[in-house]
Amino acid sequence: MRTFMKKLLSYLLFLTFFSSYAQDSILVKSKVANAITELRDFVALPNDALNADDIDTNLYWLRKKFTERGFNSSILDTEGLPLFFAALPMDDSKPTILFYMHLDGQSVDASKWDQPDPYKITLKSKTEDGWKTESFSDLTDDINYDWRLFGRSTSDDKGPIVMFLNAIDVLRKENIDIPYNVKVILDSEEERSSAPLPKAVRTYKDLLKADFLVINDGPVHVSGKPTIIYGCRGITTLSITTYGPIKPQHSGHYGNYAPNPGFQLAQLLATMKDTEGKVLIKGYYDGITLDEATLNILKSVPDNTEEINTSLAIANPEKVGSFYQEALQYPSLNIRGLGSAWIGDQARTIVPATATAELDLRLVPESDGNRLKKLVIDHIKNQGYHVMNSEPTMADRLKYNKIVTVLEGSVTNAFRTDLNNPYGNFIVKTMEKKFGEKPIQIRIMGGTVPISPFINELKIPAFIVPMVNPDNNQHSPNENLKISQIAYGIETFYALLSNRINN
């Protein structure tokens with residue numbers, strides 16, 4: 001009998017929660033159809049950051065949509081493309097939330113997409129054979145949340161912007177007095193590393209002043225559960241070129257005589273990492289310590305190693321960390337591109353003239369990008385190479401035995417907010433209250449969002465609250481957004497903007 005009563009009580013509690021959640025869901029579901037319509041209109045505007053005219057058209061659309069919701073908006077000039085800024089009327093007695101998203105998208109190669117136009121959203125359902133195109137006229141009141149919207153920037157990052165706008169609609173319809181000042185900054189060059197952003201944040205520091213920053217970019221955890229991320233890795237790059245004969249030479253005539261730049265480069269790169277993937281360059285991991293409490297947080301993320309390895313089709317991962325989340329706490333050294341002469345059907349029997357490796361270095365807060373680049377360059381010098389920052393002249397070639405040209409990229413710094421930050425605790429409690437379970441807490445994610453200028457200039461904590469499905473194909477052909485994530489995003493924005501910090 002006691003067991004039966006416990007089960008009954010649990011069931012009644014579940015029904016109470018579900019009933020409350022269902023009421024909220026009905027409210028939100030009324031906005032999902034509108035959000036889909038707005039997203040179709042928004043995505044139809046090409047947003048390649050390489051095309052300034054694209055960005056201008058998107059800025060006009062945003063200004064109209066935010067004004068309709070009662071926001072005051074401004075186009076902020078920068079040394080590059082403009083930023084979009086919007087704010088609700090201010091009340092000095094309220095704390096201020098600053099939301100960051102971006103309106104630009106990756107370039108598209110339409111030939112690689114499974115639809116005629118990547119900027120015209122296609123509605124699809126999952127079948128055993130793949131994806132089936134559906135009609136938008138079939139999106140009745142009973143919207144199928146498993147269906148997906150395919151198009152460039154549906155998830156990265158126009159989807160979250162539209163979710164935010166429709167959450168504001170719900171708050172206004174419910175006459176909710178938002179207990180915060182709300183500011184929004186939308187980047188126009190996020191997909192181009194946001195080079196103008198640091199100076200722009202300094203220039204508009206007073207306008208952007210806030211108590212904390214919420215970034216709505218990237219996917220939720222692969223489990224699909226609500227997620228909060230406390231930081232992201234930074235990035236910098238190096239391009240390394242080795243040299244053989246001044247022009248490609250016949251491998252029969254000059255093989256065994258002319259130095260081969262491909263072998264030189266391969267041997268040089270092999271000195272940088274061991275067979276388990278750990279960087280061998282002295283000092284590369286300096287300053288990084290992980291205490292037991294931090295390791296426990298990292299282990300609490302429900303990653304499935306077997307699933308990750310199967311997805312990547314690898315037998316064993318590298319051993320920088322003992323598990324996935326631990327590996328992300330260290331700076332990486334990655335070969336992102338490698339080339340010399342011709343390959344495949346174009347291969348020729350020659351000694352190449354040059355060989356080039358493109359490296360990216362993912363950064364963590366303990367590692368300074370300029371310091372790591374110097375460590376790599378010093379390591380190259382210690383291997384006996386003369387390092388230059390330009391192509392060698394004939395005099396250089398005849399003087400030095402081994403020459404490397406190293407070109408340095410700019411640095412986007414990492415950031416990480418303390419796991420016990422009170423604003424972070426507020427977000428965790430709000431999401432737990434809304435969805436009935438504690439969100440997954442990720443200390444630092446592998447990707448890079450250009451947020452450090454806000455943290456450095458505004459001196460505020462920052463948190464990433466992603467909204468889109470983990471299998472969204474961002475940056476790739478067939479980028480998509482699951483309709484259920486639109487509802488999730490509206491609900492999350494609604495919860496964050498209707499709950500008080502001290503609740």
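Q: Two strands count as paired if DSSP finds at least two bridges between them. With that in hand, which residue in S7 stands opposite Phe85?

A: Let's start with a reminder that this is a predicted model. Strand S2 covers residues 83-87, and strand S7 covers residues 181-187. The two run antiparallel and are joined by four bridges, which meets the cut-off of at least two. Across from Phe85, the residue in S7 is Ile185.

Q: Which residue of S2 stands opposite Ser73?

A: S2 also has strand S1 (residues 72-76) as an antiparallel partner, with five bridges joining them. These two strands make a hairpin, with six residues between them. Opposite Ser73, you will find Ala86.

Q: Which residues of S2 point the other way from Leu83, Phe85 and Ala87?

A: In a regular strand, side chains alternate between the two faces of the sheet. In S2, Leu83, Phe85 and Ala87 point one way. Pointing the other way are Phe84 and Ala86.

Q: Is S2 mostly covered or uncovered, and how many of its residues are buried?

A: A residue counts as buried when its relative accessible area is under 20%. The residues pointing either way from S2 are all buried, and the strand is mostly covered. The count of buried residues in S2 is five of five.

Q: Which helix gives the largest share of the lining of the second largest pocket?

A: This pocket has a volume of about 410 Å³. It is lined by 17 residues, and those closest to its centre are Gly244, Pro245, Ile246, Pro259 and Arg397. The largest share, three residues, comes from residues 394-399, which form helix H12.

Q: How many residues in the lining of the second largest pocket are nonpolar?

A: Pro counts as nonpolar, while Gly is grouped with the polar residues. Two of the lining residues are charged and four are polar. The number that are nonpolar is eleven.

Q: What is the radius of gyration of the chain?

A: The chain has 15 helices and 21 strands. For its 503 residues the globule rule gives 23 Å, and the chain's own value is close to that, so it is as compact as a globular protein of that length. The radius of gyration is 26 Å.

Q: Among contacts between residues at least 6 apart in sequence, what share joins residues at least 24 apart?

A: Along the principal axes, the C-alpha atoms fill a box of roughly 85 × 55 × 55 Å. Buried residues account for 50% of the chain. Among the contacts in question, the share joining residues at least 24 apart is 80%.

Notes. Residues numbered from 1 in each chain as written. Predicted model: local features only at pLDDT ≥ 70, side-chain atom pairs only at ≥ 80, totals over all residues. Heavy atoms only, no water. Buried < 20%, exposed > 50% of the residue type's maximum accessible area, 1.4 Å probe, protein only. 1 Å grid on protein atoms, 1.4 Å probe; cavity = no way out; pocket = protein on both sides within 12 Å on 5 of 7 lines; lining within 4 Å. Points joined across faces, edges and corners; volume = space filled by probe spheres on them. Rg over C-alpha atoms; globule rule 2.2 N^0.38 Å. Contact = heavy atoms within 4.5 Å.
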